[in-house]
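Subject: Structure handover

Hi,

Here is the structure I said I would pass on.

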Amino acid sequence: MTAWGCMSNITEYYMSLDEFLACLTKNISPADLNATRLLSSISNAIIHYRQERGMTKPEFAQTMNVSQAIVSEWESGNYNFTIKQLCEICKNLGITPQIKFDNSDA
């Protein structure tokens, strides 16, 4: 088995994208998948609104009083934000944070 744990020889096995994603995520909890989706959405929003305002990473870092490396970490999709950090980022981007909960099984 390969490191992916899905197939014995990748050159001899073809699967659909859905099958591939299901294979990759079979050992990941729904909570971890949702967290990854949310972090990705947050980082994409930061990039979008920073660029929309014509700010470079160094300029935004200065506005936030953090290093450019921290801004890069925020925009990577791997940073685990606190609510307070998100509110401060939103304030400096001129946007309002919103959190939505629903009953979906996703």
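A question to start with: is leucine 93 buried or exposed? Leucine 93 is found in helix α5, and at 2% relative accessibility it counts as buried, since the cut-off for that class is under 20%. Please keep in mind that this is a predicted model.

**Overall layout**

The chain has 5 helices and 0 strands, so along the sequence the pattern reads α-α-α-α-α, with helices and strands taken as DSSP runs. Of its 106 residues, 20% count as buried.

Isoleucine 46 sits in helix α2 and counts as buried, because its relative accessibility is 3%.

**Salt bridges**

Side chains of opposite charge can pair when their charged atoms come close. The count here comes to 4 salt bridges. The one I would look at to begin with joins glutamate 75 and arginine 50, where the closest N and O atoms are 2.6 Å apart. Glutamate 75 is in the loop between α4 and α5 while arginine 50 is in helix α2, so the pair ties together parts that are 25 residues apart in sequence. Both partners are on the inside by the numbers: glutamate 75 is buried, with a relative accessible area of 10%, and arginine 50 also counts as buried, at 6% relative accessibility. The pair belongs to a network of salt bridges that links Arg50, Lys57 and Glu75.

Another salt bridge brings together the side chains of glutamate 88 and lysine 91, at 3.4 Å from N to O. Both of these residues lie in helix α5, 3 residues apart, which is about one turn of the helix. Glutamate 88 is partly exposed, with a relative accessible area of 37%, whereas lysine 91 counts as exposed because its relative accessibility is 55%.

Arginine 53 and glutamate 52 meet in a salt bridge too, at 2.9 Å from N to O. Arginine 53 counts as partly exposed, at 35% relative accessibility.

**The largest pocket**

What is the volume of the largest pocket? It comes to about 990 Å³. The elements that give two or more residues to its lining are α2 (30–52) and α5. Of these, α2 gives the most to the lining, with 10 residues. In total the largest pocket is lined by 28 residues, and Leu38, Ile42, Gln98, Ile99 and Lys100 are the ones that lie nearest its centre. Sorted by class, the lining has 19 nonpolar, 6 polar and 3 charged residues.

**On the surface**

Ile99 turns up again here: together with Ile83 and Phe101, it forms a nonpolar patch on the surface, and the three have about 410 Å² of accessible area together. Phenylalanine 101 is found in the segment after α5 (83–93). Why does phenylalanine 101 count as exposed? Because its relative accessible area is 76%, and exposed means over 50%.

**One backbone detail**

Most residues other than glycine have a negative phi. Asparagine 65 has a positive one, near 60°. You will find asparagine 65 in the loop between α3 (57–64) and α4 (68–74), and it counts as exposed because its relative accessibility is 72%.

**If you open it now**

I would go through it in this order:

- the salt bridge between glutamate 75 and arginine 50, with Lys57 as part of the network;
- the largest pocket, with Leu38 and Ile42 among the residues nearest its centre;
- the nonpolar surface patch of Ile83, Ile99 and Phe101;
- asparagine 65, for its positive phi.

Cheers

Key. Residues are numbered from 1 along each chain as its sequence is written. This is a predicted model: local features need pLDDT of at least 70, side-chain atom pairs count only at pLDDT 80 or more; totals for chains, interfaces and linings use all residues. Side-chain values use heavy atoms; hydrogens and water are left out. Patches are made of residues with over 30% relative accessible area and no salt bridge: like charges are joined within 9 Å, nonpolar side chains (Val, Leu, Ile, Met, Phe, Trp, Tyr) within 5 Å. Accessible areas come from the Shrake-Rupley method with a 1.4 Å probe; for residues, only the protein chains shown count as cover. Helices (H or I, at least four residues) and strands (E, at least two) are DSSP runs, numbered from the N terminus. Buried means under 20% relative accessible area, exposed over 50%, partly exposed in between (1.4 Å probe, protein chains only). On a 1 Å grid over the protein atoms alone, a cavity is a set of points where a 1.4 Å probe fits but cannot get out, and a pocket is an open set with protein on both sides within 12 Å along at least five of seven lines; lining residues have an atom within 4 Å of a point. Grid points are joined across faces, edges and corners, and a volume is the space filled by probe spheres set on the points. Ala, Val, Leu, Ile, Met, Phe, Trp, Tyr, Cys and Pro count as nonpolar, Asp, Glu, Lys and Arg as charged, and the others, Gly among them, as polar.
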